[in-house]
Amino acid sequence: MLHRAIARILDAQGAWADPLGKLFVAIFGALYKPVPILKDFLNGVWLGHPLHPAITDVPIGAFVVALVLDIMGARPAATAAIGVGVLFMIVAALVGYADYIDLEGKPRRFGTVHSSLMLLAAVLYLVSFGLRIGCCGSGGSDAEVWISVVGFVIVIGSAYVGGELVYNMGSQVDRHAWRGGGTKWTAVEVGELPENTPVKAKAAAQTLVLVRQGKDIHALHDICAHQGCNLSDGGKVVGDTIECPCHGSRYRLRDGLVVRGPAVFDQPHYDVRGTAGKMEVRRTDTLSTA
Ligand code: FES
């Protein structure tokens, strides 16, 4: 019940969140998209894991420490913890916007609420930090503590919205997280395989994209690990990779390795035997859940 009520409140924020989301996407899209290597780095392609959640633990931890230190009356140490927290909050925001600009619809709306709340909290913490170090001749008052307490409450609320985005909407979750590896060779239903042209095929319950390059036939799962688009539906072959038509992730054909984001997870790859007309595939992943 509580979750439904909160989700409804969040979903009703479109009047301000949707236009603001468009603005954020325009700004950060213009900053990141012309430099794919930077965007890949921020997405976490090199890490094989989204980078944003790995960084957000630092400011949240620092703010918890600051709160405890304030309660204990250790004001200078709390100020130092807030300084660290704000610094890493800015880093986490810059990294998070690299994921955010690929969101659409409701996930983008929730992402806008999440980032707006975090920005508000960052401003409050900055004001508190300024007061604590004696900026504007007003150090040592209780106001600096209460402002940071309000900032902390907003951070926790915003973290909840971020959790909704990931755990309820599946943003940045591998679209193949629950798919088993399987060890059986399975017959493939497919017709013609023109060279370097992605072709959709069925292998029992699996939907594949096949690409023939010379005598080699490559098989990957058709559903992009990033946000679930079909690679066979508008995807294009670029060298030894296939590029997703939605956000441009590229996967190496011979093994499914992700070589360009925003996807950070590899694409399931299949061994192929036989030729068109009498072909079988078997999934080759080593990190399967099966
Ligand atoms: S769905 Fe986003 S890159 Fe494929």
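Helix α6 is followed by G134, a residue with a positive phi near 90 degrees. Helices here are DSSP runs of H or I with at least four residues, strands are runs of E with at least two, and both are numbered from the N terminus. The helix itself covers residues 105–132, and its 28 residues should span 40 Å at 1.5 Å a residue; the end C-alpha atoms lie 41 Å apart, which agrees. The expected span is taken as 1.5 Å times one less than the number of residues in the helix.

A word on the model is in order. The structure is predicted, so local features are reported at pLDDT of at least 70 and side-chain atom pairs at pLDDT 80 or more, while totals for chains, interfaces and linings use all residues. Residues are numbered from 1 along each chain as its sequence is written, and side-chain values use heavy atoms, with hydrogens and water left out.

Most residues other than glycine have a negative phi, and most peptide bonds are trans. Against that background, Q172 has a positive phi near 70 degrees, and A204 has a positive phi of about 50 degrees although it is not a glycine. Q172 sits in the loop between α7 (143–168) and β1 (186–188), whereas A204 belongs to the loop between β2 (199–203) and β3 (206–213). Their surroundings can be described by relative accessible area, where buried means under 20%, exposed over 50% and partly exposed in between (1.4 Å probe, protein chains only). Q172 counts as buried because its relative accessibility is 16%; A204, at 56%, counts as exposed. A cis peptide bond, with omega near 20 degrees, leads from G261 to P262. P262 is found in the loop between β8 (258–260) and β9 (269–275).

Which kind of geometry do the rings of F28 and Y32 adopt? The structure holds seven aromatic pairs, and F28 with Y32 makes a tilted one, at 5.8 Å centre to centre and 45 degrees between the planes. Rings of Phe, Tyr and Trp (its six-membered ring) pair if their centres lie within 6.5 Å; planes under 30 degrees apart count as stacked, over 60 as edge-to-face and the rest as tilted. F28 and Y32 are four residues apart in helix α2 (residues 14–32), which means about one helical turn separates them. Both F28 and Y32 are buried. F28 also pairs with Y97, this time stacked, at 3.9 Å centre to centre and 10 degrees between the planes. Because F28 lies in helix α2 and Y97 in helix α5 (residues 75–100), this pair ties together parts that are 69 residues apart in sequence. The relative accessibility of F28 is 11%, and Y97 is buried with a relative accessible area of 5%. Ring pairs link F24, F28, Y32, Y97 and Y100 into a cluster.

The strands remain to be described. Six of them form an open sheet in the order β1-β10-β9-β4-β3-β2, with antiparallel pairing. Two strands are taken to pair if DSSP finds at least two bridges between them. At the edges stand β1 and β2, each with a single partner strand, so one side of each is left without a neighbour in the sheet. Within the sheet, β9 runs antiparallel to strand β10 (residues 278–283), and six bridges join them. Y270 stands opposite R283 in β10.
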